[in-house]
Amino acid sequence: GGEDAEEEMLPGESFVSREAAMTGHPSRRESLPFRMSWGMAVEWRVRVTDGMRWSQWSLPSAPRGIVPPIPEFSTEVFATFTRRDPTIVKVAWGLCSLPPDYAHLTPSIEYLVYLTSDESSARSVLQAGQVNIDLDKLRQQGIQMSEGSCGLVSQLSLVATDDGDPSLAPPATADGEERAASGEQRVPEFQPEALFSESSPRRVIGKLRQDDAKLISFGPEGSSRTITGFELTVSGLKAELVHRVSVRVRCSTPGLDEPDWQRMRMESNNPLRWSEPRHSPPVLTPRAPPPLLVPESLTIPENRFGRFTQSPCLLLRSPMFKKTHPDDFDRAHPVVLDIKPAGTTDEEYRQVPLENSVYCELEPYGPCRLIHDVPLLHVEVRARNETMNDVSAAGLPTFTVPPLLLEAARGPTAELVLRDDGGVFVQVTWTARCVPKQRPSLAQVSLRRHSVESPTVDMQAFETSLGSVLAELPVAAAADSRGFEAA
């Protein structure tokens with residue numbers, strides 16, 4: 001060729017390797033693998049052969065990128081936390097998108113969600129584990145928390161009130177659009193990244209695909225809006241730690257290396273690498289309270305609470321019902337009861353009014369409370385500390401009314417029957433009506449000689465089932481009872 005002809009390259013040889021051969025030492029770039037990345041354009045040429053001779057190379061194509069871009073987040077990662085559920089945080093974010101030229105690759109987007117926790121910064125910076133938290137010290141660091149001493153950690157905002165004193169401003173919205181009013185004072189800048197380090201433990205919550213998105217309510221209560229995105233509930237948060245939920249996104253294809261789930265190592269030079277994480281606000285979980293004892297339902301004893309048992313009621317026992325001092329007023333107690341229809345969600349709980357609760361001590365059960373005039377027939381009850389708002393688990397579903405005897409006014413029917421084996425029995429028949437899901441478990445028969453001064457004899461209670469429609473009493477057993485002693 002002429003002077004402008006390119007020097008022919010050997011198969012498998014590169015300019016980097018030729019540079020190393022000419023200089024006598026390897027190039028610094030030779031050890032680095034060449035990877036295409038977003039923004040690099042490629043020209044394509046083609047030639048064909050019949051097995052003998054090759055055609056000329058075609059002209060190069062228009063330069064085009066061959067690596068999909070990293071998807072972009074459309075919203076922040078919004079978090080919700082309440083002290084009532086101190087081990088749960090809810091996060092939500094909107095769909096990620098690609099540039100218009102790559103919109104057809106949108107179904108390949110996948111999300112990686114993981115949780116990061118840290119104990120050292122929770123104790124040293126946020127004063128976790130201390131009995132009395134110094135809120136002034138937190139303000140000096142520019143920190144405020146949604147629940148006072150715990151909750152969502154955010155930048156402190158001070159606004160001037162009408163009397164000139166600075167006060168806390170409302171926390172910023174998910175999009176960060178809310179600003180403090182005029183007269184805002186300068187406060188130290190809070191850096192959420194300072195609460196976490198590379199050694200902070202991480203655990204993967206899950207992976208989501210683009211087609212897993214659904215309509216969700218995004219934003220704080222009262223100013224939320226409906227968007228298409230993702231909503232996750234993260235449970236099992238350890239107490240007295242600072243946590244945050246992070247989301248990474250990328251375009252995926254079969255055959256990609258999965259990240260190291262234990263150490264969350266992300267290959268930064270992979271063409272289809274994960275994006276930088278989008279973090280939720282940090283959350284400080286409070287100290288785990290001691291579990292409250294579940295109130296236990298009891299059978300209401302006879303000859304007790306006569307005027308209250310005419311209405312739907314139930315008797316509960318719990319050591320937490322005990323009075324601090326014997327002379328305390330019966331109903332003035334820090335532990336209150338919540339009641340809801342059996343099988344419904346916790347949002348249906350309603351506090352039992354004080355006037356519908358009676359305190360008593362029954363042997364051998366100890367402190368008890370009778371709830372009367374209950375407007376429900378099948379209920380679940382839980383105990384709650386009114387001061388700390390600590391909540392127990394729900395007790396077993398309980399019926400507030402007994403099965404109804406339809407023969408209560410006239411009594412059961414009794415007749416002698418002869419069985420096939422020659423035995424003579426007294427057959428006592430009655431009918432009971434139950435509310436839905438209620439089943440009779442025990443029945444008891446009482447008899448008395450038909451005379452003026454004859455005592456009543458209560459037979460031992462026996463188990464019943466839906467299959468035992470009739471229960472027969474042997475004549476000999478009735479004749480041997482004390483009810484038939486000579487008057």
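Which strand gives the most to the lining of the largest cavity?

First, some ground rules. This is a predicted model, so local features need a pLDDT of at least 70 and side-chain atom pairs count only at pLDDT 80 or more, while totals for chains, interfaces and linings use all residues. Residues are numbered from 1 along each chain as its sequence is written, and side-chain values use heavy atoms, with hydrogens and water left out.

Let's start with the overall picture. The protein has four helices and 32 strands. Both are DSSP runs numbered from the N terminus: helices are H or I with at least four residues, and strands are E with at least two. Of the 487 residues, 33% are buried. Buried means under 20% relative accessible area, exposed means over 50%, and partly exposed is in between, using a 1.4 Å probe and protein chains only.

The protein exposes about 31700 Å², and carbon and sulfur atoms supply 52% of that. Those areas come from the Shrake-Rupley method with a 1.4 Å probe, and for residues only the protein chains shown count as cover.

Now for contacts, meaning heavy atoms within 4.5 Å. Take the contacts between residues at least 6 apart in sequence: 63% of them join residues at least 24 apart.

How far can we trust the model? pLDDT is the predictor's confidence in each residue, from 0 to 100. The average here is 78, and 76% of the residues score at least 70. Over residues 1–21, though, the pLDDT is below 50, and this stretch has 16 contacts beyond near neighbours in sequence. Residues 160–183 also stay under 50, with 31 contacts beyond four places in sequence. Where pLDDT is low, the predicted coordinates should not be read in detail.

Let's go inside. In soluble globular proteins, nonpolar side chains tend to be buried together. A nonpolar core here is a set of buried Ala, Val, Leu, Ile, Met, Phe, Trp, Tyr and Cys residues joined through side-chain atoms within 4.5 Å. The largest one has 25 residues, and Val89, Trp93, Tyr111, Val245 and Val247 touch the most other members. Strand 4 (89–94), strand 5 (109–118), strand 12 (225–234) and strand 13 (242–251) are the elements that give two or more residues to this core. Apart from it lies another core, of 15 residues, including Leu316 and Val374.

Please find Val247 on the screen. Leaving out residues up to four places away in sequence, Val247 touches a list of residues that includes Phe73, Trp93, Tyr111 and Pro277.

Back to the cavity. On a 1 Å grid over the protein atoms alone, a cavity is a set of points where a 1.4 Å probe fits but cannot get out, and lining residues have an atom within 4 Å of a point. Grid points are joined across faces, edges and corners, and a volume is the space filled by probe spheres set on the points. A search of the whole structure finds one cavity of 30 Å³ or more. The largest cavity has a volume of about 90 Å³. Ten residues line it, and the closest to its centre are Val335, Val336, Leu337, Leu354 and Ser357. And the answer to my opening question is strand 18, residues 335–341, with three residues in the lining.

Ser121 lies in helix 2 (residues 120–124) and counts as buried because its relative accessibility is 5%. Beyond its neighbours within four places in sequence, Ser121 contacts Leu126, Leu195 and Val242. Glu463 lies in strand 31 (residues 462–463) and is exposed, because its relative accessible area is 69%. With the neighbours within four places set aside, Glu463 contacts Ser441 and Leu442.

Finally, some backbone details. Most residues other than glycine have a negative phi, and most peptide bonds are trans. Against that background, a cis peptide bond joins Glu363 and Pro364, with omega about 0°. Pro364 is in the loop between strand 20 (357–362) and strand 21 (366–371). Glu240 is not a glycine, but has a positive phi of about 60°. You will find Glu240 in the loop between strand 12 and strand 13, and it is buried, with a relative accessible area of 15%. Asp373 has a positive phi too, near 55°. Asp373 sits in the loop between strand 21 and strand 22 (378–385) and counts as partly exposed, at 45% relative accessibility.

Notes
1 Å grid on protein atoms, 1.4 Å probe; cavity = no way out; pocket = protein on both sides within 12 Å on 5 of 7 lines; lining within 4 Å.
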